[in-house]
Each structure stands twice: as C-alpha cells, then as structure tokens.
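User: I'd like to learn how to read helix packing and ring contacts in a model like this one. Could you walk me through a few features?

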Amino acid sequence: MKRAVSSALFAAALLLTACTQAQDNSGGEVNDPALYGMEYTVSSLKGPTTMGMVKLMSDSEKGETFNKYNVTIHGTADEIAAGIVSGNTDIANVPANLAAVLYNKTEGKIKTCAVNTLGVLYVVTSGEEITSVADLKGKTVYSTGKGTSPEYVLNYILRQNGLEPQTDVIIEYKSEASECAAVMAESDNAIAVLPQPYVTAAQLQNENIKIALSLTEEWDKVSDTPLITGVTIAQKSVIEENTAAFADFLGEYQASVDFVNENTDEAAELIGYYDIVKAPAAKKALPYCNITLLRREDMRSAVTGYWNILCDADPKSVGGTLPNDDAFYTEMIYE
C-alpha cells in the first residue's frame, strides 16, 4: 500500500522543506505536503495498456521519479479487479468498461483518472478471406477479454452489422491475448480478434497472418464517440491522501507516454525487458498501439461517451448502472 517514501531520492525535497517552512499563527512550522512523494502499488494489464508506462517503471526502479511505483503486470483483468476491490491496489490500468464496473462494485471508491490507450483491436486471419464484418457470419472467431472491452466492442460492432454473437458468429474466448496469438501462429486457417502488439507478434511467427479489419475503423462507422481500450483508475482515498503527489504521478506517467511514443527503439527494449512482448514485435507494433494519456475534460467526455454506448447496448458491461461525473478525477493543476 501507499506510504510516504523516505529514501535518498527525497533528500533534496526534505532540504527544500526545511528552507521553505512557513509559520502558522502560533509560530509553529507548517510543512508543505506537496514536497513529499508517495509509494504506490500499481497493477497493469499485460499489453498495450502497460506499454506506455515502461519508462515510468524503469525510472522508478532507478530512484529517478518523485514518487515510488511498485508495478505488477497481470495477464487477466480479474486479477487486477480483486486488488482494487480489496483496497490492496492503489492505481491500476484496466479495460475501459471495467472502470465503470469497479466504480459500481466499490460504491464510488475509485475514480477514472486518464485514458491510456485508444483503439488497438484487429480482426486477423491466417487463411480466411475477410473483407467486411458481414464476412464473419458463420465463422468461429478466437478472442480475449471476455467480460471486458474486447467482448463488448466486438459484440456491439457485430450487432450494428446485423449479426448476433454466438448465433451468427461463434466467439471462442481465451484467457490472454498471447493464447490467441499462439493459436493464430500455429494455424493455417483461423480468425481472431487481437490487440496490438500481439497482432505483430503473431505475424512474426506466421507470415500468412494478415490484418483483415480494424475494429477501430468499424467502430467509427457505427459510433460517434472514440473507441477506448484502457484507462487508469485509482482509489479515491489514495488521491485524497496527497493530491499533489498523485498529480505528480500523472505528470510522470505523461512523461513516460511521451517517451514511448517518441523513442521507439528504446521503448521497445523496455517493453521486451518487462516481458510484455518481445522487443522486435514491440518496435513494429508501437506506431499502431494508440498509446496516449487523455486527462481532465478530454478524458471525461471520451469515457462518458464510450460508457454510454456500452450501457445502451448491454448494461452489465458497465456494472448495471451508468456512473455519474463523480466517477472521474479531473485533477487540480499542480504542474
């Protein structure tokens, strides 16, 4: 769990505190809480939702961040959800719909703070000729993310094109994207829904795999709100304990995202180092991963629009009830 960090990293901050102490009405000293970093436990889903965080992770391990971040990478969203509900996880990168589910499940104890990934889902084939959503009728499609964004995005697109999931199109779910990628790599006639960078990883193992459809493009044809893959959430209590330190987290996360988007070679090596996907695949996939960090009003309006569409299509996709504006942290500006 979170706690104030007392390492050499903050020696300069502590010295600055001593030099900038204010006097309260009784002549006592008042310390500025913004000068103290925090230690956060962070859970992140293996894949594109973690790729933008790798520089932050690396810098934290070297003691080069204001806060300390203990990041664990998980293969499934269920593992992350358990930590959020129990309160053992401070911050998490999760599928966008899961943020709404967890807000409802915890009765408002978490807040959505940023969008970290936009659309990254693709229909890929290793033999079938697929040129439209209609071509999926009568087919079996492998996918990941049951109960999270990939399932609801695929279902929404299918229904908007007149196809009923599990009736017109059979969807066979795997627990992790890497399992779907493995199926595709070993098959000469299969169809799957995969996110980047697993699309590229599968293509490197099987040159016959090709992208048939971009679900982002298909989503845009039937929706007027952007497709969102991943968001960053945090415990409301964690944010309120030290809002300045949490704002520093978002600032340091922003710097990490900028680094990843601007330094493909170095970012790919870090992605490989953290075993998200091998570096060669990461290097090729990064330009297509739509890694971002939407914050404040841009984040709130994008996520609200996305949740609205999911809720209209299937209320259980957002936990049964559409969250209100209290579900968002639009942050005070300390930067």
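Analyst: Let's begin with the elements: helices (H or I, at least four residues) and strands (E, at least two) are DSSP runs, numbered from the N terminus. D59, for instance, lies in helix α3. This is a predicted model, where local features need pLDDT of at least 70 and side-chain atom pairs count only at pLDDT 80 or more, while totals for chains, interfaces and linings use all residues. Residues are numbered from 1 along each chain as its sequence is written, and side-chain values use heavy atoms, with hydrogens and water left out.

User: Is D59 buried or exposed?

Analyst: Buried means under 20% relative accessible area, exposed over 50%, and partly exposed in between (1.4 Å probe, protein chains only). D59 has a relative accessible area of 14%, so it is buried. For contact, look for heavy atoms within 4.5 Å. Leaving out residues up to four places away in sequence, D59 touches E64 and T65.

User: At what angle do α3 and α11 pack?

Analyst: Axes are lines fitted to C-alpha atoms, for helices over the stretch in contact, and angles run from 0 to 180 degrees between N-to-C directions. Helix α3 (residues 54–61) and α11 pack at about 115 degrees, with their axes 7 Å apart. On the α3 side you'll find V54, K55 and L56, which meet F249, E252, Y253, S256, F259 and V260 in α11.

User: And K55, where does its charged end sit?

Analyst: A charge sits over a ring if NZ of Lys or CZ of Arg is within 6 Å of the ring centre and within 35 degrees of the ring normal. The charged end of K55 is over the ring of F259, 4.9 Å from its centre.

User: How many aromatic pairs does the structure hold?

Analyst: Rings of Phe, Tyr and Trp (its six-membered ring) pair if their centres lie within 6.5 Å; planes under 30 degrees apart are stacked, over 60 edge-to-face, and the rest tilted. The structure holds 10 such pairs. Y69 and F249 make a tilted one, 5.7 Å centre to centre with 55 degrees between the planes. This pair links distant parts of the chain, with Y69 in strand β5 (residues 68–74) and F249 in helix α11 (residues 243–262), 180 residues apart. Y69 counts as buried because its relative accessibility is 4%, and F249 does at 0%.

User: Which residues do ring pairs link into a cluster?

Analyst: Y40, Y69, F246, F249, Y253 and Y329 are joined that way.
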